[in-house]
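Welcome! Here is a short briefing to read alongside the structure.

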Number of protein chains: 2
Amino acid sequence: MSVEELLKVHGKPPREVYFDNENSGHVPREVVEEMIPYFNSVGYGHPSITHRPGWEAYEVIHRTKELLAEVLNAGGVGEFALVHSGTEANNLAVLGHAIANREGGGKIVVSAIEHLSVIHPAEEAGRLFGFKVVRVPVDSEGFVDPEIFKEVVDRDTSLVSVQMVNHEIGTVQNVYELSKIAKEVNPKAVFHTDAADAFGKLPMDLKKLEYVDMVTLSSHKIHGPRGVGALFIREGVRLEPILRGQLSSEKMWPGVENVPLIAGFRKAVELAFQDFDINVAKMRMLRDVLVRGILDRVPEVLLNGPADFSRRAPDNANLSFLYVEGEALTVELSINGVYVSSGSACTSRILEPSHVLLAIGRKHEEAHGSILFKTTRYHTQEDIDYTLEVIPRAVSRLRSISAARRT
Amino acid sequence: MSVEELLKVHGKPPREVYFDNENSGHVPREVVEEMIPYFNSVGYGHPSITHRPGWEAYEVIHRTKELLAEVLNAGGVGEFALVHSGTEANNLAVLGHAIANREGGGKIVVSAIEHLSVIHPAEEAGRLFGFKVVRVPVDSEGFVDPEIFKEVVDRDTSLVSVQMVNHEIGTVQNVYELSKIAKEVNPKAVFHTDAADAFGKLPMDLKKLEYVDMVTLSSHKIHGPRGVGALFIREGVRLEPILRGQLSSEKMWPGVENVPLIAGFRKAVELAFQDFDINVAKMRMLRDVLVRGILDRVPEVLLNGPADFSRRAPDNANLSFLYVEGEALTVELSINGVYVSSGSACTSRILEPSHVLLAIGRKHEEAHGSILFKTTRYHTQEDIDYTLEVIPRAVSRLRSISAARRT
């Protein structure tokens, strides 16, 4: 069946609740409206050219970087490089470090549950420039044990990358402590953290995080448009661009800055931070109701990631529905208007189980039955109620089919 | 003066005519409207996830690639990789080739007037992987002489990159002939052409261009949004991704595809090709009137690039106004609502003369006084008339100041 045919038979469900905010999400109307003028009536020029639409464009970029510095308390301690995605920001951090420090070589230390846009560039730095890549194991909830970490990091460690929040299972790492350990062992080691899933969800102060050298942010994770990522680079960090070409006001990534999207990103940052505590409390409350509701209504479900919700991102719910194929459940839920992802967020269509779930000790079949939900400040209690109606039905229908097949 | 203050004193001119389409441009309303639903009501999901907004997203990408194959007659002979800019597409072609073929080493041959997003990655391939980079000189109009080219390309040549149309001076290279020569000398050499400035302006048939292996396209050059570039990769070409991470439907660039922008790009392709001949005739006619008008009205002006307009891109006008600083003229014209770029498109704020203008033999002061205009199908005769009123006044005002200074 072609995708077009699939969509035809799919039909429009009575209600739609989108939880796949790991991968991409609704951009709210006010953010879209912020972008529209920049496509053709203001600031539509190249920000480095000395004409009116260029100056207006430059102003957008400048103000966006100022806002980031303000909400993350980074004024005067470093710069934000703007790129086109969190993936590009992670690549810039890891490969840009590797290129700048390739003569010295050494070790790149990452946690076993980093995003693939950290793990794969680290492996590429190994393949192309001879770095040794070490994956630090995590415990059954995804935490890096500081004692184990201390044994892995050494005087030969060139780069460490440990995420602030795990994208799939929501584990909040103690990045401050890990970065402090890394610098104590080797003051020259550079510490990067992928904070794409922490930004707008956990308080973050880049002056207090004094041992962290680079931080990845992503627009779409906070309801901004796809197409903007940012890398905070602390003053004095040695980094080289990984792509080459004409530079504009952005020195770490060549090409013309995408001003309309950057304007949208800035608006999304404003919205995420203007009622920060309320926004976070709302996603946390809805997530708690969702998880409790599912565990109450559906038997044989495992929670993936921290059981102590104070050490878990406020929006994250990751559950393995045993005896169900996650892909099948994703489709079944979609027919009912509930949109989630399975297995590994993003690894779908390539049906490999998530490296994150395997790293915390889940078996293949448990990983395959996993479903990732992320709640947002835009969800309502009605959305959660509807989801809690749909899920038990969908799971038991699939389990009955699969039980029928087994007999 | 801060940019904000600058904008305040600048004031809004009576008419605005935007010619800086080299660097970025107006995205017409119909293209913006095409994008809007994809931000939050249709296809806003990840194109690899098995839910409705994901399938809808996948459909956008699929249909965009089909349309590209159709308008460029590429069906069955290769694939289009979608990236975020022409700069990224050029980097993928050059560095992706270098990484895939780094064991073999050899020569990378580029023309002296390639875009910096080709020249700098070629140099990076030299620095990181030991390739030898050779720049083929061009004549005073920017043409690569096939006889000289034949002497430079050899059995050791791994990659050739010669653009279809020069971004700054509009020279239309004979890419077919050059690619044929390259393959005759070395059938294993890979031939890339940056066609960002030819796409939508010159007829292009990728089946007929049988010796060309990779072709760069860019959305913003045809009134699509910034944030989409494409690289055509002929079947069998050995190329590796240059960034690493989670792959989606796009195998050569990690991360979630930017579906709203891709939908806008597709619309822009449709519009550019649906009345191709009329669109091109219009930009050509307006360009001719503009160039003739300036040469008639302003003394001491040099035309940069081909004088034979049949060998020049239909939208390109590049003129050096002697005894005038291009940057000063750009500002003066902006005050009057005429938006152009100077010296080198994009090299501004770094006041280096364009490498293209130096390569065709212009002196530094001639390069600095150059102004680049690109006409489009959206310009009107009134736009050109207004520009022809503004320019002579602006040039003589600046020349009188500079003459006063000289005495």
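The largest nonpolar core has 183 residues, a core being a set of buried Ala, Val, Leu, Ile, Met, Phe, Trp, Tyr and Cys residues joined through C-beta atoms within 7 Å. Buried here means that 20 or more other C-beta atoms, placed from the backbone, lie within 10 Å of a residue's own. This is a predicted model, in which local features need pLDDT of at least 70, side-chain atom pairs count only at pLDDT 80 or more, and totals for chains, interfaces and linings use all residues. Residues are numbered from 1 along each chain as its sequence is written, while chains are lettered from A and ligands numbered from 1 in the order in which they are written.

**The core**
- A:Ala81, A:Leu231, B:Ala81 and B:Leu231 have the most contacts inside this core.
- Beyond its neighbours within four places in sequence, A:Leu231 is in contact (C-beta atoms, placed from the backbone, within 7 Å) with residues including A:Ala81, A:Val83 and A:Met214.

**Two domains in chain A**
- An automatic or database assignment gives domain 1 (3-22 + 276-406) and domain 2 (42-273) of chain A.
- Their centres, taken over C-alpha atoms, are 28 Å apart.
- Contacts join 23 residues of domain 1 of chain A to 18 residues of domain 2 of chain A.

**Where the chains meet**
- Chain A and chain B each bring 66 residues to their contact.
- On the chain B side, H4(B) gives the most, with seven residues; helices are DSSP runs (H or I, at least four residues), numbered from the N terminus.

Conventions
Two residues are in contact if their C-beta atoms, placed from the backbone, lie within 7 Å. A residue is buried if 20 or more other C-beta atoms lie within 10 Å of its own, exposed if 12 or fewer, and partly exposed in between; C-beta atoms are placed from the backbone. Helices (H or I, at least four residues) and strands (E, at least two) are DSSP runs, numbered from the N terminus.
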